[in-house]
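Colleague: I've got the coordinates open and would like to learn how to read a few features. Can we go through them together?

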Amino acid sequence: MKITKYLSCLFLAGTLASCGEDFLNDMPSGTATGDQIADQASKDPEKILASQISGCYTNWNLNHAMGTSDINSHQDTGFGGIMLLSDIMSNDISLVMAGDPWHYDHELDYYAEQYVRSRWPWTFFYTVISSANDVIAVVDEENTTESGRHILGQALAFRGISYAYLAQFYQKTYADGDNKSLPCVPIRLTDKEAGGVDGRATVEQVYQRAETDLLRAVELLEGYKRSDKTTIDRQVAQGLLSRVYLVMNRWQDAADMANAARQGYTLNTIEEVQECNYQNLSDKEVMWGFDVIESNKQIFASWASWRSVDGPGYAGYEVGAYQLIDARLYNSIPEDDVRHYQFIAPDDNVSIAGNEIPAYANMKFPFVSQWLGDVVYMRVAELYLTEAEALFRAGNASGANAVMAEFMPNRVLDWTPSVGGFNAETIYLQRRAELWGEGFGYFDCRRLKQDLVRNYEGTNESASMQKNIPYNSYQWTYQLPLSEIRDNDAISPEDQNPLE
């Protein structure tokens, strides 16, 4: 059996569109006050809770955190924008276009308090937290219905994972020296909850909050049967918690949560990977994502615009802001691995609509006609790799290799175990190859204390961006936005992260 040379569906014609202000679709706003919510909740709790949890999903999927009508609003659409940012700030992606809109992010040079980027994750995640708190505040957990408990579980999952991501953006990683005691971010809870912190809570306090919320979400979501993959169920909550435990180096807990989360899901075979479009919620590996339909598509302000090289978006043939796989990472993927063919080989000449596509360009995300490509937040492949890594780091090498023995035949032709098996480094390479472009790059670099390395022999990075930055540099860590220091009496300029 041969691996098809690149994904055949990549070259299917898509409907073209021209860029214009109509692509700057606004997120539905109109949020009720706390008093209005409480009043309605007393009259029709099921209705108000359903409405409020819908707001959480709207913010997660579509919120333009910067609220502007320039290029920033084309980059920051929902959590998909956070995923794009994460990969750009990692070792996995190289940029090709001079003046690429992401180039300051790519150089880790967009972290200072006065820049728009320091406000982006802050505004995005605290908006989600605010939406989640609106739900949590009005649920009487002891007296609510089963449906109410399931809605509360979803809200807690949103809040918990938001705090975990905030901690990773705004302070150094959890499990490194004395970092647990460093100042992190405020903890904003509802009036009925204890433990809120107006100033900068410690890193440990923030992760404790994230763990507490996600553990409770897992409990409350037991028995929840969702209608589709657009909502958080118990297994998605377990998957989110496994991400948090990885950062905390709680290896066995991470492995256990990942294993529980992946039950009932199966991996795509090699043949199915060849036909897979990683913008399709109906794929059997997908566990959670955003279903893009005609009424909510974002056109140029979309995931596809920055990922599909065969489309008319920014990373496509009309603009040419291609995002390439790092050459060293590409060279680590052998030719008998189906993922090798998700990228343009250096010796191949590929053109689309008369435009030559550069070497190493990704072909993993084929353009979906009418801009209807979905945004995938979680796939079961992630959980296999999380479980394997965590088991190995917990000292269970045989368990880790058993998990990888399930995974690898679905990616490599005629795969057989190698002498010595897998270790932490080789599992991480598999993770990078498998999850390329799916939003894990920056977060994995941070938790694994990986230096940024773009200046090496054979690099495909442009000369101006061939920089190496150590993992413990504060360039990896955003400063708190100026607006927070100005508006929050519990945070002063002296509380700011260092500027390097």
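Colleague: Let's start with salt bridges. Which side chain does K449 meet in a salt bridge?

Modeller: The general idea is that side chains of opposite charge can pair when their charged atoms come close. Here K449 pairs with D176, at 3.9 Å from N to O. Keep in mind that this is a predicted model. The cut-off is 4 Å, so a pair at 3.9 Å counts.

Colleague: How many salt bridges does the structure hold?

Modeller: The structure holds 33 salt bridges. Another one to look at joins E382 and R243, at 2.8 Å from N to O. E382 belongs to helix α14 (residues 380-393) and R243 to helix α9 (residues 234-248), so this pair ties together parts that are 139 residues apart in sequence.

Colleague: Are E382 and R243 buried or exposed?

Modeller: E382 counts as buried because its relative accessibility is 1%. R243 counts as buried too, at 12%.

Colleague: What about a pair inside one helix? How do I read D444 and R447?

Modeller: An α-helix has 3.6 residues a turn, so residues three or four places apart point the same way. D444 and R447 are three residues apart in helix α17, so about one helical turn separates them. Their side chains meet in a salt bridge of 2.9 Å, N to O, and both residues are buried.

Colleague: Which residues are linked in a network of salt bridges?

Modeller: The network links E285, D337, R339, K364, R379, R411, E434 and E438.

Colleague: Now the covered parts. How many residues of helix α16 are buried?

Modeller: Helix α16 (residues 424-434) is mostly covered, with eight of its 11 residues buried. These are A424, I427, Y428, Q430, R431, R432, A433 and E434. E434 also turns up in the salt-bridge network.

Colleague: What do the buried residues of α16 pack against?

Modeller: They pack against α9, α13, β6 (375-379), α14, α15 (397-407) and α17.

Colleague: What does the picture look like for S305?

Modeller: S305 is in helix α12 (residues 303-307) and is buried, with a relative accessible area of 0%. Beyond neighbours within four places in sequence, S305 is in contact with I299, F300, G313, Y314, A315, G316 and W371.

Colleague: And an exposed residue? Where is S227?

Modeller: S227 is in the loop between α8 and α9. At 73% relative accessibility, S227 counts as exposed.

Colleague: Last topic, the backbone. What is the phi of L108?

Modeller: Most residues other than glycine have a negative phi. L108 has a positive value, near 55 degrees. L108 is in the loop between α5 (103-106) and α6 (116-138) and counts as buried, at 1% relative accessibility.

Colleague: What is the phi of Q370, and where is Q370 found?

Modeller: Q370 has a positive phi of about 65 degrees although it is not a glycine. Q370 lies in the loop between β5 (355-357) and β6, and it is partly exposed, with a relative accessible area of 32%.

Conventions:
Residues are numbered from 1 along each chain as its sequence is written. This is a predicted model: local features need pLDDT of at least 70, side-chain atom pairs count only at pLDDT 80 or more; totals for chains, interfaces and linings use all residues. Side-chain values use heavy atoms; hydrogens and water are left out. Helices (H or I, at least four residues) and strands (E, at least two) are DSSP runs, numbered from the N terminus. Buried means under 20% relative accessible area, exposed over 50%, partly exposed in between (1.4 Å probe, protein chains only). Contact means heavy atoms within 4.5 Å.
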